[in-house]
Amino acid sequence: ATAGASATSSETPVPGGTYTDAFTGPFAGVDPHNSVYGGARVVPELYNYLVRDYLALFPQRGVIQDLAESQELQSDNVTWVFKIRPGVKIAANDKGIAVRDMDSSDVLASWNRIASPQSGSNGYAFTNRWVAKMDAPDASTFRMVMKQPYAWTMTNVGSNLIGAIVPKEWLESADLKKTA
């Protein structure tokens with residue numbers, strides 16, 4: 001759709017375009033792992049998450065699959081195994097990132113950044129306190145091992161303020177805080 005035109009349900013979506021949002025208050029950028037207030041409204045619209053957690057706001061909706069097509073808590077009660085949905089593509093972009101499927105290496109890179117104290121991420125406290133290790137044993141599997149059983153794992157993984165999954169190439173960009 002073009003600016004000023006409204007899309008109807010009979011139109012075929014086309015890739016590209018511009019996302020515009022408006023709000024009042026401070027805007028600290030669109031860093032997917034440490035944005036607050038205005039950025040926290042924009043980031044969830046632009047990036048995938050393993051899951052989306054709606055339990056606090058809409059208990060009837062619960063946890064909804066996003067980049068993960070499934071997750072399972074193993075019998076040890078500390079290992080979460082997420083299966084990555086095939087065919088979730090990085091959109092054509094002007095950032096130099098190839099159109100390709102997202103995979104577990106993107107998830108691991110994002111969660112490693114979230115866990116890093118240098119990133120200033122909103123999720124650092126969660127990962128530092130609760131996560132023992134993470135890995136991506138193959139392209140379709142991401143594992144998160146907790147230090148002990150933790151009932152709020154899915155809430156943190158699916159939080160708009162914590163769990164954005166970013167193409168690994170974009171995590172290296174100096175423009176990460178300015179553009180998405």
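**Close-up views of a predicted model**

View 1. Lysine 89 is exposed, with a relative accessibility of 52%. In this predicted model, its salt-bridge partner is aspartate 101, and the closest N and O atoms are 2.7 Å apart. Aspartate 101 is partly exposed, at 33% relative accessibility.

View 2. Arginine 113 belongs to helix H2, while aspartate 31 sits in the segment before helix H1 (38–46); the two are 82 residues apart. Arginine 113 has a relative accessible area of 17% and is buried; aspartate 31 is also buried, at 1%. A network of salt bridges links Asp31 and Arg113 with Lys177.

**View 3. Four strands make an open antiparallel sheet.** The strand order is S4-S5-S7-S6. Strand S4 (68–73) and strand S6 (131–138) are the edges, each pairing on one side only. On average, neighbouring strands are turned by 15° against each other, direction ignored. Helix H2 (residues 104–115) lies across strands S5 (79–84), S6 and S7, and runs at about 160° to S6.

**View 4. Strands S6 and S7 pair antiparallel.** S7 covers residues 141–146 and is joined to S6 by 5 bridges. Valine 145 in S7 is the bridge partner of lysine 133. A salt bridge connects arginine 143 and aspartate 135, with the closest N and O atoms 2.7 Å apart. Arginine 143 is partly exposed at 30% relative accessibility, and aspartate 135 is partly exposed at 27%.

Technical notes
Residues numbered from 1 in each chain as written. Predicted model: local features only at pLDDT ≥ 70, side-chain atom pairs only at ≥ 80, totals over all residues. Heavy atoms only, no water. Pairing = 2+ DSSP bridges. Axes fitted to C-alpha atoms, helices over the stretch in contact; angles between N-to-C directions. Contact = heavy atoms within 4.5 Å. Buried < 20%, exposed > 50% of the residue type's maximum accessible area, 1.4 Å probe, protein only. Salt bridge = Lys/Arg side-chain N within 4 Å of Asp/Glu carboxyl O.
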